[in-house]
Amino acid sequence: QAAAPLHPVAVQCQEALVVVTVHRDLFGTGRLVRAVDLTLGLAACLPVSQNAAENTVTFMSGLHECGSTLQITSDSLVYKTSLFYKPTSSGNPVIVRTNAAVVPIECHYPRKSNVSSKAVRPTWAPFHSTLSVDEKMVFSLRLMNDDWSTERRSYSFQLGESLHLQADVASGGHVPLTLFVDDCIATLNPDRNSSPRYTLIDLSGCLVDGRADDTTSAFISPRPRQETLQFMVDAFRFAADDRNLIYITCHLKAFPADQAPNPLNKACSFNKASSLWVPLEGTGDICSCCETGNCLLYG
């Protein structure tokens, strides 16, 4: 509906944008508000255009821009923002002739259906063939006992022992998936960006800890199932720090099982006998970037 004095704010919820058109007779009194006093969202985004003939102001914002928020309900994605009118003094700072106003704006998008998008172009598989719309993927990362049969009860290790780490994804009703570990970072507190930190896995699935001379860290072959990935890491501590607690944070991802591993979806260990990187699955060339460090170039 076009913006007019009876409906002064018109909203268009587009595929990736929200377009807000505001009639400057915001209060329906015939007194036009100033365009400079109108902003969108907590980020105070400014209008992109004005129409002097129709006395309208237009805002255009990405769904995640201008300080908008996202609420996820059982059946909808709801993007929320607000139109702010904050009148500035018009000559006499002692008096004001209008009140500030806030107009809440919402865009609702259904969750339980497949959607097409010009903004998002999947490079590996259509959405409907990859995910079941009413299922969720549940990822987990656990410390296992030495024979991988159950979760380890104690999280205490001695130097010289090995950590048995198992990553899983519960695929539910999805198409078959293969789990990969993009990266793993060890830190002394829960913030993975804190210092000191030590990288165990990097470059989209290269177990770089196994490259060190004094380690046997590696992915375990074969997998027990496609949606599970197991790997061992030799116990360690941070030098010059007497704290005994270490946090390991990993980024896990699922990939369609019917597609071959590639430099961005792989699990590569370093074989010290051959001095070569070896993939858990796939051809050896997918691990070459573990040595050169340019895996992201394949993206």
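Which residue forms a salt bridge with Lys-80? The partner is Glu-106, and the closest N and O atoms of the two lie 3.9 Å apart.

## About the model

This is a predicted model, in which local features need pLDDT of at least 70, side-chain atom pairs count only at pLDDT 80 or more, and totals for chains, interfaces and linings use all residues. Residues are numbered from 1 along each chain as its sequence is written, and side-chain values use heavy atoms, with hydrogens and water left out.

## Salt bridges

Let us return to that opening pair. A salt bridge here is a side-chain nitrogen of Lys or Arg within 4 Å of a carboxyl oxygen of Asp or Glu. By this rule the count is nine salt bridges. Helices (H or I, at least four residues) and strands (E, at least two) are DSSP runs, numbered from the N terminus. Glu-106 is partly exposed, at 40% relative accessible area, and Lys-80 is partly exposed too, at 30%. For these words, buried means under 20% relative accessible area, exposed means over 50%, and partly exposed is in between (1.4 Å probe, protein chains only).

Another salt bridge brings together the side chains of Asp-168 and Arg-225, at 3.8 Å from N to O. Asp-168 is in strand β10 (residues 162-170), while Arg-225 is in the loop between β13 (218-219) and β14 (228-234), and the two are 57 residues apart. Asp-168 is buried, with a relative accessible area of 11%, whereas Arg-225 is partly exposed at 40%. Both also belong to a network of salt bridges that links Arg-142, Asp-168 and Arg-225.

## Arg-223 and its neighbours

Arg-223 meets Glu-281 in a salt bridge of 2.4 Å, N to O. Glu-281 sits in the loop between β17 (276-279) and α2 (289-292) and Arg-223 in the loop between β13 and β14, so this pair ties together parts that are 58 residues apart in sequence. Arg-223 is buried, with a relative accessible area of 10%.

The charged end of Arg-223 also sits over the ring of Phe-180, 5.2 Å from its centre. A charge sits over a ring if NZ of Lys or CZ of Arg is within 6 Å of the ring centre and within 35 degrees of the ring normal. Elsewhere, the charged end of Arg-211 sits over the ring of Phe-270, 4.2 Å from the ring centre.

## Aromatic pairs

Rings can meet one another as well. Rings of Phe, Tyr and Trp (its six-membered ring) pair if their centres lie within 6.5 Å; planes under 30 degrees apart count as stacked, over 60 as edge-to-face and the rest as tilted. The structure has seven aromatic pairs. One of them is the edge-to-face pair of Phe-27 and Tyr-85, with 5.8 Å from centre to centre and 65 degrees between the planes. Phe-27 is in the loop between β2 (17-23) and β3 (38-40) and Tyr-85 is in strand β7, so the pair ties together parts that are 58 residues apart in sequence. Phe-27 is partly exposed at 38% relative accessibility, but Tyr-85 is buried at 4%.

Ring pairs also link Tyr-198, Phe-236 and Phe-238 into a cluster.

## Disulfides

A disulfide is a covalent bond between the sulfur atoms of two cysteines. Here a pair of cysteine sulfur atoms counts if they are within 2.5 Å, and a search of the whole structure finds six disulfides. One of them joins Cys-13 to Cys-107, with 2.1 Å from S to S. Cys-13 lies in strand β1 (residues 9-13) and Cys-107 in strand β8, 94 residues apart. Their link is left-handed, with -85 degrees about the S-S bond. Cys-13 is partly exposed at 37% relative accessibility, while Cys-107 is buried at 2%.

Cys-268 and Cys-287 form another disulfide, with sulfur atoms 2.0 Å apart, and both cysteines are buried. The torsion about their S-S bond is about -85 degrees, so this disulfide is left-handed. Cys-289 is joined to Cys-295, with 2.0 Å from S to S. For Cys-289 and Cys-295 the torsion is about 95 degrees, so the disulfide is right-handed.
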